[in-house]
Amino acid sequence: MSVTACGGGSSSDANEAAGTYEAQVVTAAFPTAQRLGQTTLLRIGVRNSGDKTIPALTVTASIAGRAGQTSTLPFGIHDPRPGLAQPDRPVWVLSAHYPKLAGSDSPGGATTSNAKTFDFGALKPGATTEAVWKLSAVKAGRYTLLYRVDAGLSGAAKAETAGGVEPGGSFTVDISSTPPNTKVTDSGEVVEIGKPEPGGH
């Protein structure tokens, strides 16, 4: 797969051209069986299959269900109990300097006004890019992680597949309460002993 790095800076939605932009999810990978403390990679690859430059390729992530949809965290849930100082609880913790674009050592997804949406900048016609998130499971249970691809930030630019539907998908993940045998690396990451340390490429 040809991977083209798009910009990691925040896009200007004031310059976003209204319209529909054709995009296709070409890779989507996330382990469906995980354990507490385990670090895994979420990979989502997108191709601009149309003939216009996508103004701002964005990926929005959220956990399915009311608890996930009402949380401000992309990989967390909202605890409705009253009086909690921090009602949003992570299911996965996102590693520092992520997401990245595959093949790059630099952060590749700018944060936006919506914490669940990551902006990967413009994507030229025919170009493909793959975003990589490094996530550590911190809450046991079964969760469905939803992701949606769009073409802009203001709502004026919309992404659609060749079939006319919004690009996206989901992963249903079982997180076991039995933690793996882990260690903390010099960079502060938690990795499983006996397995290669996860990378961003």
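Buried means under 20% relative accessible area, exposed means over 50%, and partly exposed lies in between, with a 1.4 Å probe and protein chains only. The views below come from a predicted model, in which local features need pLDDT of at least 70, side-chain atom pairs count only at pLDDT 80 or more, and totals for chains, interfaces and linings use all residues. Residues are numbered from 1 along each chain as its sequence is written, and side-chain values use heavy atoms, with hydrogens and water left out.

**View 1. The whole protein, to get our bearings.** Of the 201 residues in the protein, 40% are buried. Taking contacts (heavy atoms within 4.5 Å) between residues at least 6 apart in sequence, 73% join residues at least 24 apart. The protein exposes about 9,700 Å², and carbon and sulfur atoms supply 50% of that area, as computed by the Shrake-Rupley method with a 1.4 Å probe.

View 2. Arg 47 is 81 residues away from Thr 128 in sequence, yet their C-alpha atoms are 4.1 Å apart.

**View 3. The largest nonpolar core and Trp 133.** A nonpolar core is a set of buried Ala, Val, Leu, Ile, Met, Phe, Trp, Tyr and Cys residues joined through side-chain atoms within 4.5 Å. The largest one has 34 residues, and those with the most contacts inside it are Phe 30, Leu 42, Phe 75, Trp 92, Phe 120 and Trp 133. Among the elements that give two or more residues to this core are strand S4 (58–63), S11 and strand S14 (168–176). In soluble globular proteins, nonpolar side chains tend to be buried together. Leaving aside residues up to four places away in sequence, the residues that Trp 133 touches include Leu 42, Ile 44, Val 59, Phe 75, Tyr 98 and Phe 120.

View 4. Two strands pair if DSSP finds at least two bridges between them. S1 and S13 pair in the parallel sense over four bridges, and Glu 22 stands opposite Glu 160 in S13. S1 and S3 run antiparallel, joined by six bridges; Ala 29 stands opposite Arg 43 in S3.

View 5. The structure holds four salt bridges, each a side-chain nitrogen of Lys or Arg within 4 Å of a carboxyl oxygen of Asp or Glu. In this one, the closest N and O atoms of Arg 43 and Glu 130 are 3.2 Å apart. Arg 43 lies in strand S3 and Glu 130 in strand S11, so the pair ties together parts that are 87 residues apart in sequence. Arg 43 is buried, at 18% relative accessible area, and Glu 130 is buried too, at 9%.

**View 6. The salt bridge of Arg 142 and Asp 174.** These two side chains meet at 2.8 Å, N to O. The pair links distant parts of the chain, with Arg 142 in strand S12 and Asp 174 in strand S14, 32 residues apart. Arg 142 is exposed, with a relative accessible area of 60%, while Asp 174 is partly exposed at 32%.
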